[in-house]
Number of protein chains: 2
Amino acid sequence: MTAQAPLFNRLALIGVGLIGSSIARAAKVQGLVGSIVATARSPATRRRVAELGLADQVVETNAAAVEGADLVIVCVPVGACGEVAKEIADKLRPGAIISDVGSVKGSVLRDMSRYIPPSVHFVPAHPVAGTEFSGPDAGFAELFVNRWCILTPPENADESAVSKLSTFWTSLGANVAVMSAEHHDLVLAITSHLPHLIAYTIVGTADELRQVTRSEVLQFSAGGFRDFTRIAASDPTMWRDVFLANKDAVLEVLGRFNEDISALTRAIRNGDGQTLFDHFARTRAIRKGIVQMGQDVPDFGRPHPGLPQPKLPRPYASSDD
Amino acid sequence: MTAQAPLFNRLALIGVGLIGSSIARAAKVQGLVGSIVATARSPATRRRVAELGLADQVVETNAAAVEGADLVIVCVPVGACGEVAKEIADKLRPGAIISDVGSVKGSVLRDMSRYIPPSVHFVPAHPVAGTEFSGPDAGFAELFVNRWCILTPPENADESAVSKLSTFWTSLGANVAVMSAEHHDLVLAITSHLPHLIAYTIVGTADELRQVTRSEVLQFSAGGFRDFTRIAASDPTMWRDVFLANKDAVLEVLGRFNEDISALTRAIRNGDGQTLFDHFARTRAIRKGIVQMGQDVPDFGRPHPGLPQPKLPRPYASSDD
């Protein structure tokens, strides 16, 4: 990318939630695209996108959005990606790059590939970034800074298309990794999907107990529960689709997790302090590894002053909903 | 408390880790005590406490520490509280208040009460505050600001002693609640102990899988796993003791949690999207309740500018270990 010529002439965004609106903001600020056309399923979202000035053009249908675009990014829940691909297949410009932002890659690759013509370069992507907020107002230009974006191109993918999409994400501030869709889904099952499922579970469990202890569960939530509620406040539709789409890998890691918690439960029941101590000391050491790898940013995806950041304005601050 | 006379003449701190050193710093800054005498089990910790200037006097034994003190706070893992009470029982000044900071109250009440003479006022306490760091360097004076401190006095407790200890904690910036030890242990089992156990478990599960996927689990930890590692980095000795001491309540909530995660696992296996969506939408609503109750401070216990705080210096910043 140079200051003179944008990387892409026309970016089409299908879906403008937290991720889509953050891409729009960052791409515009960094001068990466000549123009942005956006669409969303609901009229209310389209109106809001126009009000916020997130796109140069807001259109009503997915098919209309992709006409003439040399980069199309589908930013909808993974369960809806196949349907979108079907709707836009005929209108995609030959030579265009089409990508997505889904948290599961195997199912997206399968669902979208069947519709995308060979003249178009399909390169699935997953920016590993987010907050507990959703919708077009929740996005901000720095969301991807210092985050990973994982590309999972099919085996026969065009190398220059992968390289160009990689440059796009790098320019948004992300670090890019490339791996197979299958491998991605296993790694994310343990680093993201299982933790979210646990968070959803424990918040529900606490809520049932709340019937007994009234408001105290909420009142004293600073002692650990609070961190779980933040994760468990993420978008329900997105996460429903993640668990349905990555079923096999999630069930695999759930099985391992259940074995491990059974062992700790048994240690508690038996008063086996040594087993507990050894386990806790081991997890503390793992934590050290994470700190050393620079993934420790105590902001749940929000920008903070500790990160090296490009000079971006942040006009639309997210707020608690 | 007035500016002229401190609330207590002589505060004895037994154990000077994250909590003990934070009490020392805050009490000194707020002028709550005439002098502070501190002790710790390890010579290295005692040296460090002296170097940091956390106490007016650092002594070698617990018995020596409590002589002449009108407030004694035992800041050691809950499993060690009974032994400490035994060591100091004979040296406690009649009329003094003795308290602790343990995360479990039933076992502490039982273990310490048997040694404390009737002339001394025993008022157990639990400041619901902490970070993932430990040791005398990790403390800071604002740790308790806007946090809850739960007092669990025995039924026959002296009211003026409870009131005086309550004033002490309020002066450190905490909100004080009073309840029975048994009730405290159930509430904390769900808000704090279960979340920590889950965090410890999932970090260990991920580590086993790491043998397969090498460093990727750590590399992509921003997607949910990171928040778990932060909790799971807490002090292993403290948490071992918590689970041994609060066994019954923890096993009770673990049983409920297992039922709930089994239901969600079944929904994933069956592809039952409606059940998943309904559950996730419900937990998001619970999250709203927590935000409204003002317990949402995205700092894992660290001070941040959003909180109303007394003007305290913060000379000893904690750093990642």
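**Domains, chain contact and helix pairs**

The model is predicted: local features need pLDDT of at least 70, side-chain atom pairs count only at pLDDT 80 or more, and totals for chains, interfaces and linings use all residues. Residues are numbered from 1 along each chain as its sequence is written, while chains are lettered from A and ligands numbered from 1 in the order in which they are written. Domain 1 of chain A covers 8-180 and domain 2 of chain A covers 183-292, with bounds from an automatic or database domain assignment. The C-alpha centres of these two domains of chain A are 31 Å apart.

**Chain B can be laid on chain A by a rotation.** A turn of 180 degrees with a shift of 0.0 Å along the axis brings chain B onto chain A with an RMSD of 0.1 Å (least squares on the C-alpha atoms of residues with pLDDT of at least 70 in both copies). The two copies are therefore related as by a two-fold rotation axis. In chain B, Asp227(B) has the C-alpha nearest the axis, at 3.6 Å from it.

**Chain B meets chain A.** The contact takes 83 residues from each of chain B and chain A. Among the elements of chain B that give two or more residues to this contact are helix H7 (181-213), helix H11 (247-270) and helix H12 (273-292) (helices, H or I with at least four residues, and strands, E with at least two, are DSSP runs numbered from the N terminus). H7(B) gives the most, with 22 residues. The side of chain B that touches chain A has 47 nonpolar, 20 polar and 16 charged residues. Because 100% of the interface residues of chain B are also interface residues in chain A, the copies meet through the same surface.

**Helix H11 of chain A packs with H11(B).** The axes of H11(A) (residues 247-269) and H11(B) are 12 Å apart, at an angle of about 165 degrees (axes are lines fitted to C-alpha atoms, for helices over the stretch in contact, and angles run from 0 to 180 degrees between N-to-C directions). H11(A) and H11(B) are therefore roughly antiparallel (over 145 degrees; under 35 counts as roughly parallel, 65 to 115 as roughly perpendicular and the rest as oblique). The residues that make the contact include Leu251(A) and Leu254(A) of H11(A) and Leu251(B) and Leu254(B) of H11(B). By class, the contact of H11(A) with H11(B) has 8 nonpolar, 2 polar and 4 charged residues.

**Helices H4 and H5 of chain B cross.** The axes of H4(B) (residues 81-88) and H5(B) (residues 106-113) come within 8 Å and cross at roughly 25 degrees. H4(B) is therefore roughly parallel to H5(B). Cys81(B), Gly82(B) and Ala85(B) of H4(B) make the contact with Val108(B), Asp111(B) and Met112(B) of H5(B).

Key:
Two residues are in contact if their C-beta atoms, placed from the backbone, lie within 7 Å. Ala, Val, Leu, Ile, Met, Phe, Trp, Tyr, Cys and Pro count as nonpolar, Asp, Glu, Lys and Arg as charged, and the others, Gly among them, as polar.
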